[in-house]
Every structure is written in C-alpha cells, then in structure tokens.
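Here are my notes on this one, written as numbered points. Keep the structure open beside you and look up each residue as you go.

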Amino acid sequence: MGDEVILLNFWLSPYGMRVQIALEEKGIKYENREEDLSNKSSLLLQMNPVHKKIPVLIHNSKPICESLIAVEYIDEVWNEQSPLLPSNPYQRAQARFWANYVDTVVYKHATRFWITEGEEREAAGQEFLESLKLLEKQLGDEPYFGGNNFGFVDVALVPLFCYFYTFSLYGNFISEAQYPKIISWARRCIQRESVSKSFPQEQMVKEYISQKRNKG
C-alpha cells in the first residue's frame, strides 16, 4: 500500500503523543508536521474545521480528528501487528471505558492543576491523585492495562507521565510509596521505544514551561 500518513501535531501535546505512540507501535511511516498554535496552518483549519485543533491524523488525504478516535482508527486499519484493543467485545468495551475515564476525568484534573494556583490547584492535585488510585486498582498486578499487552488505555494515559513522573516537573508529586503499581507501570512503558521516541526532550519542556510562567 502506498499510504500517505501525516500527523498535524504540537510537540508538547500529550494528545498528539498518543497518536505518535500508536503509529510507532505499529511501525507506520508517517510525517510529523509541527503546528504553530498561535498561527494555525490552512491545512489544519481545512482538516479540522470544527475544533481547529491538533492532533489531526491525515491518512491518504482523509482527516481523523480527536486523539483516541485516531488511535482506534490506527488500530483498525493497521490490524496485522501490535493490536491495541482486545478482540473480545467485553474487554474492548472495558478498554474504551477506561480510556474515556482517562480523557474526561484524569486529564481534566491534570489540566486544572497546570493552569490554576493556590487552593484550586491544590484541590485539582488531590483529585488527580484520587483518580490515579482508581486506575491503580484497575491495573492490579498486570504489567499493562491491556494485561500482558501494551494497549489502548496505556496509550491514553502514559503521556501524562511525561510531565508528572518521567520529567519530575513537580518533584515527588506521585509518591512511589503510595502508588507503587502505577510507577512500575510508568517505568515499564517508558522502556518501550514507541513511548520514548514520542516524548519530547525534558530540557525543552522545562524551558518552555519556565518561559510561560515568566510571561504570566
């Protein structure tokens, strides 16, 4: 197949990282096009006219918007290797449920933690940690949320650990003593080439965040 695969992306976006990880897991050749979010390209506006945001996966000139939808599309189209969703309908439904929980609950608290200050930030941090407790219970003693296989929920969640754990941007915010299973999971994930290749460089992230805070 002469597939043309383009990812409209922004290097710091955890949502974009999800799509990159899925593409890397499948071994798909793709072009990662960096967007200037303050001056969005005509291609981005054309391919995502509804939300006008990244990431957008473009497969043979056809756009797929929203990160989890794009990850699921990648899994369906390139289904010969590294399946991300289980074949069992019930297990597949459960994976979608928990990926949606990550999207609508965990990321929401993380975003509030990033953009607020004072008591509101502290409350958001606590809610984020509470959501991790629930995820740790769901993970149990399995190596990944997909059991023995790195899968859909792992792809959905792991970009957050680029900031909260891997890069230590917030010190010992996620305590290994309190969350041993989720920390072990994170370490296991970042050893995967698909994940490590999709994470931005730590120094670039720290410089970018420092500049943002100074401007604020």
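1. A definition to start with: buried area is the accessible area, taken with a 1.4 Å probe, that two parts lose on being put together, summed over both. The size of an interface is often given in this way. Keep in mind that what you have here is a predicted model. Between domain 1 and domain 2, the buried area is about 1,500 Å², and carbon and sulfur atoms give 62% of that.

2. Where do these domains sit in the chain? Domain 1 covers 5-77 and domain 2 covers 89-198. Their C-alpha centres are 22 Å apart. To the contact, domain 1 brings 13 residues and domain 2 brings 19 residues. On the domain 1 side, have a look at Arg-18, Ile-21 and Leu-68: these lose the most area to domain 2, together 37% of what that side buries.

3. Strand β1 runs parallel to β2 (residues 31-34), and four bridges join them. To get from β1 to β2 the chain passes through helix α1 (residues 14-26), making a right-handed β-α-β crossover. With β3 (residues 56-59), β1 pairs in the antiparallel sense, over four bridges.

4. Strands β3 and β4 (residues 62-65) are antiparallel, with four bridges, and Val-56 stands opposite Cys-65 in β4. The two strands make a hairpin with two residues between them. In that turn, Asn-60 has a positive phi of about 50°.

5. Are the side chains of β3 buried or exposed? In a regular strand, side chains alternate between the two faces of the sheet. On one side of β3 you find Val-56 and Ile-58, on the other Leu-57 and His-59, and all of these are buried, so both faces are covered.

6. Next, the nonpolar core. The largest one has 69 residues, and Phe-128, Leu-135, Leu-157, Ile-174, Ile-182 and Trp-185 have the most contacts inside it. Helix α6 (residues 152-166) gives the largest share, eleven residues. Which residues does Trp-185 touch, leaving aside its neighbours within four places in sequence? Its contacts are Leu-139, Pro-143, Tyr-144, Phe-145, Asp-154, Leu-157, Val-158 and Phe-161.

7. Most residues other than glycine have a negative phi, and most peptide bonds are trans. The bond from Ile-54 to Pro-55 is cis, with omega near 0°; Pro-55 is in the loop between α2 (42-47) and β3. Glu-66, in the loop between β4 and α3 (67-77), has a positive phi near 75°. Ser-82, in the loop between α3 and α4 (89-115), also has a positive phi, near 45°.

8. Are Glu-66 and Ser-82 buried, exposed or partly exposed? Glu-66 has 32%, so it counts as partly exposed. Ser-82 has 29%, so Ser-82 is partly exposed too.

Definitions and conventions:
Residues are numbered from 1 along each chain as its sequence is written. This is a predicted model: local features need pLDDT of at least 70, side-chain atom pairs count only at pLDDT 80 or more; totals for chains, interfaces and linings use all residues. Side-chain values use heavy atoms; hydrogens and water are left out. Two strands pair if DSSP finds at least two bridges between them. A crossover is right-handed if, with the strands pointing away from the viewer, the path from the first strand over the helix to the second runs clockwise. A nonpolar core is a set of buried Ala, Val, Leu, Ile, Met, Phe, Trp, Tyr and Cys residues joined through side-chain atoms within 4.5 Å. Buried means under 20% relative accessible area, exposed over 50%, partly exposed in between (1.4 Å probe, protein chains only). Contact means heavy atoms within 4.5 Å. Domain bounds come from an automatic or database domain assignment.
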